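Thanks for making the time this morning.

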Amino acid sequence: SMNVFYSSLVIAVLILLGYAVFSYIRIQGLIRESQMLVRGSTPYQKVVSGATTRVLFVGDSTGVGVGATRGEDSLAGRLSQDHPDWMIENLSVSGRKTAELIPVLTELGGHYDRVILQIGGNDITYFTDEKQLAQDIALVLREAKRLSAHVILITSGNVGNAPILPRPIAFLWHRRTLQVRDIFMRASEEAGVTYVDLYREKRTDPFFLEPYRYHAIDLFHPSSEGYGLWYEELKKSL
């Protein structure tokens with residue numbers, strides 16, 4: 001019976017090792033896809049002479065629209081198509097964390113009719129310290145309010161549902177998503193800012209139910225259709 005036990009143990013260890021190697025190779029491939037998407041993406045902007053409405057988008061790769069087939073499919077692009085007479089400025093940069101928005105906003109002057117912040121995904125992914133994040137987002141919202149009376153904060157949906165993450169440990173990012181969501185919702189309420197809640201539980205999350213439709217080829221960023229779902233939520237706040 002001991003031989004059977006040890007044989008079973010060896011088989012179990014080999015299966016786990018095989019899964020770990022497979023997951024590592026798969027994730028490395030998807031990261032390369034993601035890097036290619038990032039390099040091929042530029043933030044959507046539109047200059048309109050004599051525009052009476054100015055909108056600023058600023059944030060991370062989701063503000064850039066990484067994963068969308070074309071810039072017009074990003075949130076900034078979709079808003080521009082719905083309001084062709086609005087000027088759209090976009091200072092988003094892939095990879096940004098919340099803290100990195102502070103100097104960007106601090107250096108800006110002038111007035112915007114709306115400031116739309118797309119930030120927080122990288123703080124979820126890389127586990128930014130919660131106390132620090134609460135301070136960072138409070139400063140970000142304060143600076144954004146200086147630029148506009150109408151500030152909208154958008155962060156990623158349920159990152160734990162992204163297919164790039166190995167299922168056995170995806171719950172860590174699910175839990176982290178909820179923690180960051182709590183911090184951002186509280187900060188938005190205190191600052192008088194509109195928070196667009198993209199979080200969905202698995203059973204109601206289109207990104208989980210149809211992952212290859214709503215995720216880009218890297219299985220992490222939204223696809224054009226994924227940004228379409230987000231835009232429907234943003235429109236409710238406009």
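Among contacts in the protein chain between residues at least 6 apart in sequence, 78% join residues that are at least 24 apart. Please keep in mind throughout that this is a predicted model. The chain is made up of 10 helices and 5 strands, and of its 238 residues, 47% count as buried. As for its surface, the protein chain exposes about 12,200 Å², with carbon and sulfur atoms supplying 59% of that area.

Let me turn to strand 3, which covers residues 114-118. Is this strand enclosed or exposed? It is largely enclosed by the rest of the structure, because 5 of its 5 residues are buried. In a regular strand, the side chains alternate between the two faces of the sheet. In strand 3, Arg114, Ile116 and Gln118 point one way while Val115 and Leu117 point the other way, and all of them are buried.

Strand 1, residues 54-59, runs parallel to strand 3 and is joined to it by 5 bridges, and here Val58 stands opposite Leu117. Strand 4 also runs parallel to strand 3, with 4 bridges joining the two, and the bridge partner of Val115 in strand 4 is Val151.

Why does Asn161 count as buried? It does so because its relative accessibility is 3%, where the cut-off for buried is under 20%. The side chain of Asn161 makes a polar contact of 2.8 Å with the side chain of Asp205. Beyond its neighbours within four places in sequence, the residues in contact with Asn161 include Arg167, Arg200, Glu201, Lys202, Phe207, Phe208 and His215, as well as Asp205 itself.

That brings me to the last topic, the second largest pocket, whose volume is about 370 Å³. Which elements give two or more residues to the lining? They are helix 2 (61-64), helix 5 (121-125), helix 8 (206-209) and helix 10 (224-237).

Terms used:
Residues numbered from 1 in each chain as written. Predicted model: local features only at pLDDT ≥ 70, side-chain atom pairs only at ≥ 80, totals over all residues. Heavy atoms only, no water. Buried < 20%, exposed > 50% of the residue type's maximum accessible area, 1.4 Å probe, protein only. Polar contact = N/O pair within 3.5 Å; in protein donor to acceptor, adjacent residues only side chain to side chain. Contact = heavy atoms within 4.5 Å. Pairing = 2+ DSSP bridges. Areas by Shrake-Rupley, 256 points an atom, 1.4 Å probe, with all protein chains shown as cover. 1 Å grid on protein atoms, 1.4 Å probe; cavity = no way out; pocket = protein on both sides within 12 Å on 5 of 7 lines; lining within 4 Å. Points joined across faces, edges and corners; volume = space filled by probe spheres on them.
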